[in-house]
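Colleague: I have a structure open and would like to learn how to read it. Can we go through it feature by feature?

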Amino acid sequence: MKLFSFWRSLATFRVRIALNLKGLSPEVIDVNLMQGKQREEAYRKVNPQMLLPALIDGEGPVLFQSLAIIEYLDETHPHPRLLPAEPRARARARALAQIVACDAHPLIVPRVREFLEHEFKLDEAARTKWIHHWLGAAAKTLETNLASSKETGRFCQGNAITIADICLVSHAVGCNFFKLDLSPYPTVRRIVDECMKNDAFARAHPLKQPGAPVSV
């Protein structure tokens, strides 16, 4: 098993958490996003979309997109389970995860920030406003859902870690990277703090990866 990774990639952070929870330790292949290595021919052959993460497991085709990889890992290594067995609970966990991975995170990734800078000539202050808007919108939506639902427990969906918690933690770390205050979202912060007590989350943190700086 090989994981194409970069310390700052929040999508890869999600997959690292899932791998740690499953007790899997793939070979890690660094693709430096800040140096544009994802656009080089060698990586384009792995993932033509030029995004991280990508996962190779045995002789099968390359897996890509973090949620698809996590669900694959859950199906091939079912313990501990990251998607609830009950259909409605499973749908809620997926929906909470998708608020982060499908709605918010895609709007703040490097290729979007670069497009805003180079094509629309937005300065750093304007780009930061853009990032804070979308991160904040997702945090508010997550807080509203989590705080108002009887399905929320110790974690996003009841008292067991699910794909929703993995995505929630990645969102919180992204907010920290971009200096977005999470104090207005107490339920989000409570669940994130609970998750980070788990070694699988703590070891996966971007700042604990090879090549990462002490702080961002």
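**Reading the model**

Modeller: Start with E71, which touches L83, R94 and I163, leaving out residues up to four places away in sequence. Touching, or contact, means heavy atoms within 4.5 Å. This is a predicted model, where local features need pLDDT of at least 70 and side-chain atom pairs count only at pLDDT 80 or more, while totals for chains, interfaces and linings use all residues. Residues are numbered from 1 along each chain as its sequence is written, and side-chain values use heavy atoms, with hydrogens and water left out.

Colleague: Where is E71 found, and is E71 buried or exposed?

Modeller: E71 is found in helix α3. Helices (H or I, at least four residues) and strands (E, at least two) are DSSP runs, numbered from the N terminus. Buried means under 20% relative accessible area, exposed over 50%, and partly exposed in between (1.4 Å probe, protein chains only). E71 counts as buried because its relative accessibility is 18%.

Colleague: How do I read two packed helices?

Modeller: Two packed helices are described by the angle between their axes and the distance between the axes. Axes are lines fitted to C-alpha atoms, for helices over the stretch in contact, and angles run from 0 to 180 degrees between N-to-C directions. Here, helix α1 (residues 10-22) packs with helix α3 (residues 66-76) at about 10°, with axes 9 Å apart. That angle makes α1 roughly parallel to α3. The cut-offs are under 35 degrees for roughly parallel, over 145 for roughly antiparallel, 65 to 115 for roughly perpendicular, and oblique for the rest.

Colleague: Which residues make the contact?

Modeller: From α1 come A11, R14, V15, A18, L19 and K22; from α3 come S66, I69, I70, L73 and D74. By class, the contact of α1 with α3 has 7 nonpolar, 1 polar and 3 charged residues. Ala, Val, Leu, Ile, Met, Phe, Trp, Tyr, Cys and Pro count as nonpolar, Asp, Glu, Lys and Arg as charged, and the others, Gly among them, as polar.

Colleague: What describes a pair of aromatic rings?

Modeller: The distance of the centres and the angle of the planes. Rings of Phe, Tyr and Trp (its six-membered ring) pair if their centres lie within 6.5 Å; planes under 30 degrees apart are stacked, over 60 edge-to-face, and the rest tilted. The structure holds 5 aromatic pairs. One of them joins W7 and F177, edge-to-face, at 6.4 Å centre to centre and 75° between the planes. W7 lies in the loop between β1 (2-5) and α1, and F177 in helix α7 (residues 163-177), so the pair ties together parts that are 170 residues apart in sequence. W7 and F177 are buried. Ring pairs link F6, W7 and F177 into a cluster.

Colleague: Which pair lies within helix α6?

Modeller: W130 and W134 both lie in helix α6 (residues 124-148), 4 residues apart, about one turn of the helix. Their pair is edge-to-face: 5.9 Å centre to centre, with 70° between the planes. W130 counts as partly exposed at 28% relative accessibility, and W134 counts as partly exposed at 29%.

Colleague: Which peptide bonds are cis?

Modeller: The bond from L52 to P53 is cis, with omega near 0°. Another cis bond joins H79 and P80, with omega about -10°. P53 sits in the loop between α2 (41-44) and β3 (54-56), and P80 in the loop between α3 and α4.
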